[in-house]
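Hi everyone, thanks for coming.

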Amino acid sequence: MAEFNLRMIKIFFGIVVVMFVLAMTSGMDILRGKRLVQWRDVQMEMSFMEYKNATTAESFAVLRNNQNAKSIPVLLYHGIITDRNWEEDGTNISLENFQKQMSALKQAGYQTVTMADFSQYMQGKKSLPDKSILITFDDGRRDSYYQADPIFRALGFNAVMFLISGKSLGAQSSGDRFYLGKSELEDMIKSKRWEIQSHGDFDHDWMPIDAAGNKGHFMSNRIWLPAENRNETADEAKKRILADLENSKTKIEQELGQNVFAFAYPFSDFGQNGSNFPESQQFLAENISRTYPLTFYQEEKYEPLLNVSNPKTFMIKRINVDDSVSVGGLLNILSQNKEKDLPYDDSFWNDGGWRVKFGNANVWGALNLFESEELGGNMTILLGSSLWEDYAVRNQARIIYGNSVSQIVRYINEKNYARCNFGTGGISIRQIVDGKDMEIAEKKEDFSNLSRSFNEIGVQVRGDKISCQLNGQTELEAELNPSLSAGGIGFYSWDELPGKTKI
């Protein structure tokens with residue numbers, strides 16, 4: 001009890017000292033014409049002291065190793081909410097949950113990196129320690145900065161703010177109740193805990209896209225020009241989009257002195273969600289890297305979520321973290337996505353990171369795959385296997401319902417992978433490259449025993465060679481597209497009749 005009272009006296013005394021110093025600083029700033037110290041600054045200082053005291057009391061036993069990171073996770077946050085009556089909205093996170101997540105990351109041995117470090121890692125120019133992580137925020141919101149900064153200061157973390165420059169710079173340099181102003185952004189940069197990158201200038205504005213008044217995203221649509229009673233042409237749309245991208249970079253560099261080379265797509269729309277400008281995705285893919293060598297988007301949680309060093313990669317995956325993600329859930333996402341070493345064995349007593357893209361699956365002493373009624377099949381992949389190159393994979397499998405099961409190999413994403421399909425009427429090899437599904441080898445034969453008992457199905461990939469094996473015997477071979485040189489494993493099944501697939 002005495003120890004508790006002594007701690008509270010120290011905190012109270014510290015707050016008094018801080019308020020005195022801030023009052024003196026405010027007086028000097030008035031004379032110098034600088035931004036006045038406001039109550040928010042006092043609150044941030046008080047929060048920092050609270051978090052610092054808590055971290056000292058917890059005495060983090062940070063576990064570090066000497067290994068280099070094989071992949072880097074990037075976290076995405078939006079607003080940090082303090083209202084106790086607030087309900088989870090799929091975008092923001094409560095202050096309590098955010099603080100617990102940051103403390104858990106520190107306790108687990110994670111350490112933040114700068115955008116420059118991350119960029120050099122992706123280019124293969126720099127190694128980073130295992131459990132390195134990049135934390136990002138979108139929009140330039142006041143509630144994210146004022147709540148997160150004391151926590152970062154206490155833990156020794158840093159972050160990147162992707163700024164909507166049109167809301168915080170130029171004519172809007174004072175910001176507003178929602179968006180940060182220029183002076184606040186300057187304070188962030190001065191702290192060395194924050195970097196500012198681009199989230200566009202005015203590309204968050206919803207634009208009219210037809211005469212009926214329907215609206216769409218700025219970067220993936222041709223907007224409606226009412227004065228001329230028409231939509232802008234494709235060339236006009238391209239010029240408008242490029243101008244917005246360039247204006248945002250220029251504003252941030254000139255007004256804040258930041259080196260801007262990264263861009264976060266608004267609404268994670270990189271052209272795929274437009275309604276009247278189908279060429280926008282290809283246009284952005286071919287042109288945006290001239291202004292921004294790195295672009296960030298939100299990856300779906302059923303896909304591999306971590307970023308592997310590759311100089312050819314300019315699209316960076318982010319893990320969207322909202323209040324529905326618990327502390328344990330976040331650590332589990334990071335653990336399951338962490339790159340796995342070969343040889344790898346799974347008896348399915350615990351979920352090692354099997355993610356269902358469509359259909360259903362459960363893990364309990366076996367991996368049971370079955371379909372959802374609407375989709376007619378199942379696709380399940382193993383997270384953390386994306387770096388595997390040459391390997392053989394073997395499984396004991398039985399088709400309970402349906403006619404076939406495929407072993408997926410070299411899985412990069414849903415548009416790029418290969419698979420050996422083992423069916424009761426034969427075996428085939430298919431490769432999917434840039435979304436184009438092609439059969440490259442086939443062997444028709446009676447393999448009806450696949451549905452009567454367990455059989456060992458296997459696939460081997462070496463260089464550009466793939467071979468399908470059944471009960472230890474090679475049944476079919478083919479040559480893969482060179483683009484499928486590395487990637488992970490998974491399973492695929494399909495049946496035209498709903499409720500008829502179970503592996």
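Let's start with arginine 419, whose charged end sits over the ring of tyrosine 492, 4.1 Å from the ring centre. By "over a ring" I mean NZ of Lys or CZ of Arg within 6 Å of the ring centre and within 35 degrees of the ring normal. Likewise, arginine 240 lies over the face of phenylalanine 218, at 4.5 Å from the centre of that ring.

A quick word on the source: this is a predicted model, where local features need pLDDT of at least 70 and side-chain atom pairs pLDDT 80 or more, while totals for chains, interfaces and linings use all residues. Residues are numbered from 1 along each chain as its sequence is written, and side-chain values use heavy atoms, leaving out hydrogens and water.

Now, how many aromatic pairs are there? The count comes to 25, taking rings of Phe, Tyr and Trp (its six-membered ring) with centres within 6.5 Å; planes under 30 degrees apart are stacked, over 60 edge-to-face, and the rest tilted. One of them is tyrosine 145 with tryptophan 194, edge-to-face at 5.8 Å centre to centre and 75 degrees between the planes. Tyrosine 145 is in helix H5 and tryptophan 194 in strand S7, so this pair ties together parts 49 residues apart in sequence; helices (H or I, at least four residues) and strands (E, at least two) are DSSP runs, numbered from the N terminus. Are these two buried or exposed? Tyrosine 145 is buried, at 7% relative accessibility, and tryptophan 194 is buried at 3%. Buried means under 20% relative accessible area, exposed over 50%, and partly exposed in between, with a 1.4 Å probe and protein chains only.
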